[in-house]
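Please review the briefing below alongside the sequence and the model.

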Amino acid sequence: MELSTAWLEWLVLGAGYELMLFASVGILLIGLDDLLFDAFWMATRRRGIDRVDTPPLDGRFAVFIPAWDEAAVLPAMLRRTLGAWDGEDVRLYVGCYPNDAATLLAISPLIARDRRLRLVIGGRDGPTTKGDNLNRLWAALGEDERAEGMRFAAVVLHDAEDHVHPGELALYRRHLGENAMVQIPVVPLVARGSRWVGGHYGDEFAEAHGKELVVRSRLGMPLPSAGVGCALTRTALALLAIERGGDPFRCDSLTEDYEVGMVIGAYGLGARFVEATGPAGDRIVSRGTFPGLVDAAVKQKARWVAGIALAGWDHLGWPGSRQAGDRLSSGRAWLARWMLWRDRRAPLAALVLLAAYAGLIVTAIGWAGQELLSWTAAPLGDGMRLLLAFNAMLLGWRMAIRAHFTARWYGWREAALALPRAFVANVIAMLAARRAVVLYWRMLRSGEVVWDKTPHEDNEGAPGDALARVVVR
């Protein structure tokens, strides 16, 4: 009995220390990485990005809306969009599948009544991939141009559940005159019933689109597209189509929107993230619903991690490498690599989080063993104490930054909830990383990529929610 207790004491106390050490070093490195990025954000805050010296982009805009199993939300989205952009020179291309009868029946009355809507039904049953769906919309656009003897000026990307802003197209026209791509902030609409799971999307997007994309835009780095609230010139998409054998979007990617933005930047074409307010004083943003349940959130984030951090490495390589094929100068390639590292560190960050939480549990067991079984743990050295103290300060800074950006978009009441919601975000991140590795492994073995989308609920009344309102600060 004493022997088994001794082994248990050695295992618990030793494992607790090793897990604590691994997690502490990982948290230190990731924390310093974030701290350096925060320094770039503060150093560039006074750098203006809204000055435009070229005339606005004229011509008709096309809006690509890929859809699979979206009968619950797509009709409302189309009505909202047509109403918001009434009088605009725009055509909405809606991509559906022949085996998605529910969606086709739901939108058919709208298609029949409004000539601004163009239904595109693919030749294959769905779901294929979102990239494949977008490529079919691109082909339909080309067919219309040849039949009507005209040429579109730009393509806007949106999803079937989005809430567009009336001033969105005017903003795109203003900035696409000198840029190949323009991205506006994406603001999650969070229902009060999903404040914890759905609310963590609000926290993360508030920081990512309030700091991450802002800094990249100011530094002239390749800018990832969010896939919604994004406009690209037709010329830029035509260039991608030529480079890829006719289709601008990758069919074998789970995050084709992210890759489009990064490739445009690698080619040296201009891209800009724009924060602006409309005539009424409200922010010009793209709003949309996000999952409110853990399973759906894990599924969605696993797709992002697999597409960006794992498969994205295969597709894009690293700036300066032959695989990347970029046109960035060698002096700026290191900065672009750093940005890509931040995009691809999610699996490592999840491993560090797992070690940290496991270390806390094992350490708690060790404390219980010391009280109940008279175990004797080796005292922490000065180096470990200093490391833990510094990590605590980094954690406090990180939480303060997260609360700051959440407050900018949702107010200080939600900023206070952002602190405990960080735990929910960490749990989802760990589960998503595990699912992403499995998903990526299946993709490698089968060679098949399928649109692993998350379901959406009817959000017609979502903007009326107090939490959904965007605070102008």
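The following points describe the fold and its side-chain contacts.

This is a predicted model, in which local features need pLDDT of at least 70, side-chain atom pairs count only at pLDDT 80 or more, and totals for chains, interfaces and linings use all residues. Residues are numbered from 1 along each chain as its sequence is written, and side-chain values use heavy atoms, with hydrogens and water left out. The chain holds 13 helices and nine strands, where helices (H or I, at least four residues) and strands (E, at least two) are DSSP runs numbered from the N terminus.

**Overall make-up**

- Of the 473 residues of the chain, 54% are buried; buried means under 20% relative accessible area, exposed over 50%, and partly exposed in between, with a 1.4 Å probe and protein chains only.
- Among contacts with a separation of 6 or more, 84% are between residues 24 or more positions apart, a contact being heavy atoms within 4.5 Å.
- Zero disulfides are found in the whole structure, a disulfide being a pair of cysteine sulfur atoms within 2.5 Å.
- Cys96 is buried at 0% relative accessibility, and Cys230 is likewise buried, with a relative accessible area of 0%.

- Seven strands form an open sheet in the order 3-2-1-4-7-5-8, with mixed pairing; two strands pair if DSSP finds at least two bridges between them.
- The edges are taken by strand 3 (117-121) and strand 8 (271-273), each of which has a single partner strand, so one side of each lacks a neighbour in the sheet.
- On average, neighbouring strands of this sheet are turned by 20° against each other, direction ignored; angles run from 0 to 180 degrees between N-to-C directions, and axes are lines fitted to C-alpha atoms, for helices over the stretch in contact.
- Strand 1 (residues 61-66) runs parallel to strand 2 (residues 90-96), and six bridges join them; Val63 stands opposite Leu92 of strand 2.
- Strand 7 is joined to strand 4 by four bridges in an antiparallel arrangement, with Ala154 opposite Thr233 of strand 7.
- Strand 7 also pairs with strand 5 in the antiparallel sense, over three bridges, and Met181 stands opposite Leu232 of strand 7.
- Within strand 7, Cys230 and Leu232 point one way, Ala231 and Thr233 point the other way, and all are buried.

**Helix packing**

- Helix 7 (residues 234-243) lies across strand 4 and strand 7, at about 75° to strand 7.
- Helix 4 (residues 130-148) packs with helix 7 at an angle of about 115°, their axes being 13 Å apart.
- The contact between these two helices is made by Trp138, Leu141 and Glu145 of helix 4 and by Arg234, Leu237, Ala238 and Ala241 of helix 7.

**Salt bridges**

- The count comes to 33 salt bridges, each defined as a side-chain nitrogen of Lys or Arg within 4 Å of a carboxyl oxygen of Asp or Glu.
- Arg272 and Glu178 form a salt bridge whose closest N and O atoms are 3.5 Å apart.
- Arg272 belongs to strand 8 and Glu178 to the loop between helix 5 and strand 5, so this pair ties together parts that are 94 residues apart in sequence.
- In this pair, Arg272 is buried, with a relative accessible area of 15%, whereas Glu178 is partly exposed at 30%.
- Glu207 and Arg402 meet through their side chains in a salt bridge of 2.7 Å, N to O.
- Glu207 lies in helix 6 (residues 197-219) and Arg402 in helix 12 (residues 382-410), so the pair ties together parts 195 residues apart in sequence.
- Both partners are buried: Glu207 has a relative accessible area of 7%, and Arg402 has a relative accessibility of 15%.
- A salt bridge also joins the side chains of Glu259 and Arg250 (3.9 Å, N to O); Glu259 is buried at 1% relative accessibility, whereas Arg250 is partly exposed, with a relative accessible area of 24%.
- Salt bridges that share partners join Asp33, Asp34, Asp38, Glu207, Lys211, Glu212, Arg216, Arg342, Asp343, Arg345, Arg398 and Arg402 into one network.
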